[in-house]
Amino acid sequence: MTETVQGKRIAVLLSGGVDSSVVVYELARLGLHPDCFYIKIGPEEKEEWDCSSEEDLEMASAVARKYGCRLEVVDCHREYWEQVARYTMDKVRAGFTPNPDVMCNRLIKFGAFHEKRGRDYDLIATGHYAQTEVVDGRKWLTTSPDPVKDQTDFLAQIYGWQLQKALFPIGHFHKDEVRSIAEREHLASARRKDSQGICFLGKVNYNDYIRRYLGERRGDIVELDTGRKIGEHAGLWFHTIGQRKGLGLGGGPWFVVKKDVERNILYVAHGYDPMTAYKREFRVHDFHFLTMPELPARITFKIRHTPEWHPAAAERVGEGVYVIHSDDAIHGVAPGQFCVVYDHERHRCYGSGEITV
């Protein structure tokens, strides 16, 4: 944590997980007592989801008490369902592969929360595995040293003013170091498992989340090369380009390579055919810049939350539109995904744009 925090009004988004709990510890050991906020997001229309929000709040309360911090619950239920859920459903209905967690950061953690309470603070601290640095008066989003946990890809759509207020006190740690600190300090959340669900919705399964709002619409699964029907799908929105598992087809491996939304057909290809399952070139639009309004000629990029960065050239072909020329053949490039762009050292994050292929 290189940013000066002394004398600043700091709000901590405290979720009840181990990462945000150690954020409070890191600030407390500097002699600070930040105000903590638990963002409340519940099921729409108070339906019963299998989520752990009650336990989350108990854990958050225990950490806040331990360090003498005030904890306030901020209700962002309406904003989540009107903004993030609507974005997700609109995208999947159109055949795209959206990322709700990316939009949670822009619209909720640094958006709706800021409108309700965050505007009263100089900095908003979260448990993201990311860092920032100031170079020549400009603040950059930079990567965590933990390549597996790095979360800059989830932050690459936040606005510049949101980045100015963002503070990531554990971003310089590896995950195992954070766990060790939590255990050493006897934090209640020390042994809690990481959430694997959708942002704020705990254990909710993604397909169940989609099924609740879009239902099922059965259609044909067709082999791209032969035009032969080889199965049925329950809805195009349950599948993404590059998907290999969960198709229920024998004689695999099979890859999802194309969707025909109008005809409700899912196309698959057999094996690892690089012409259908892999791409070296794709287009991104509405590129969102974090710090500087341009990309260098040589970049690295990610298209999903993995430790895999790919070297590439970026060619500007229009306002906010780029063609990415990857050095490697990339598996599973899907419309609607975000292509997150970094410098060639995989350090500074330039921003991200939505893939159109």
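The model is predicted, with local features requiring pLDDT of at least 70 and side-chain atom pairs counted only at pLDDT 80 or more, while totals for chains, interfaces and linings use all residues. Residues are numbered from 1 along each chain as its sequence is written, and side-chain values use heavy atoms, with hydrogens and water left out.

**The parallel sheet**

Helices (H or I, at least four residues) and strands (E, at least two) are DSSP runs numbered from the N terminus. Two strands are said to pair if DSSP finds at least two bridges between them. An open sheet is formed by five strands in the order S3-S2-S1-S4-S7, with parallel pairing. S3 and strand S7 (166-167) stand at its edges with a single partner strand each, so one side of each has no neighbour in the sheet.

Strand S1 (residues 10-13) is joined to strand S2 (residues 35-40) by three bridges in the parallel sense, and Val 12 stands opposite Cys 36 in S2. Between S1 and S2 the chain passes through helix H1 (residues 18-28), and this β-α-β crossover is right-handed; that term applies if, with the strands pointing away from the viewer, the path from the first strand over the helix to the second runs clockwise. S2 also pairs with strand S3 (residues 71-75), in the parallel sense and over five bridges. Here Lys 40 has Asp 75 in S3 as its bridge partner. Strand S4 (residues 123-125) runs parallel to S7, with two bridges joining them, and Ala 125 stands opposite Leu 167 in S7.

Two helices pack on this sheet. In what follows, contact means heavy atoms within 4.5 Å. Axes are lines fitted to C-alpha atoms, for helices over the stretch in contact, and angles between N-to-C directions run from 0 to 180 degrees. H1 touches S1, S2, S4 and S7, and its direction makes about 155° with that of S1. Helix H4 (residues 100-116) touches S1, S2, S3, S4 and S7, and its direction makes about 110° with that of S2.

**A buried glutamine**

Gln 162 belongs to helix H6 (residues 160-165). Gln 162 counts as buried because its relative accessibility is 1%; buried means under 20% relative accessible area (1.4 Å probe, protein chains only). Apart from neighbours within four places in sequence, Gln 162 is in contact with Arg 106, Phe 110 and Gly 111. A polar atom of the Gln 162 side chain lies 2.7 Å from the backbone oxygen of Phe 110.

The pairs are set out below.

| Pair | Bridges | Direction | Partner residues |
|---|---|---|---|
| S8 and S9 | four | antiparallel | Gly 219 and His 233 |
| S8 (residues 219-223) and S11 | three | parallel | Glu 223 and Val 268 |

Strand S11 (residues 265-270) is largely enclosed by the rest of the structure, because five of its six residues are buried. The hairpin of S10 and S11 has four residues between the strands, and Asn 264 there takes a positive phi near 60°.

Technical notes. Buried means under 20% relative accessible area, exposed over 50%, partly exposed in between (1.4 Å probe, protein chains only). A polar contact is a pair of N or O atoms within 3.5 Å; within protein, one must be able to donate a hydrogen and the other to accept it, and residues adjacent in sequence count only if both atoms are side-chain atoms.
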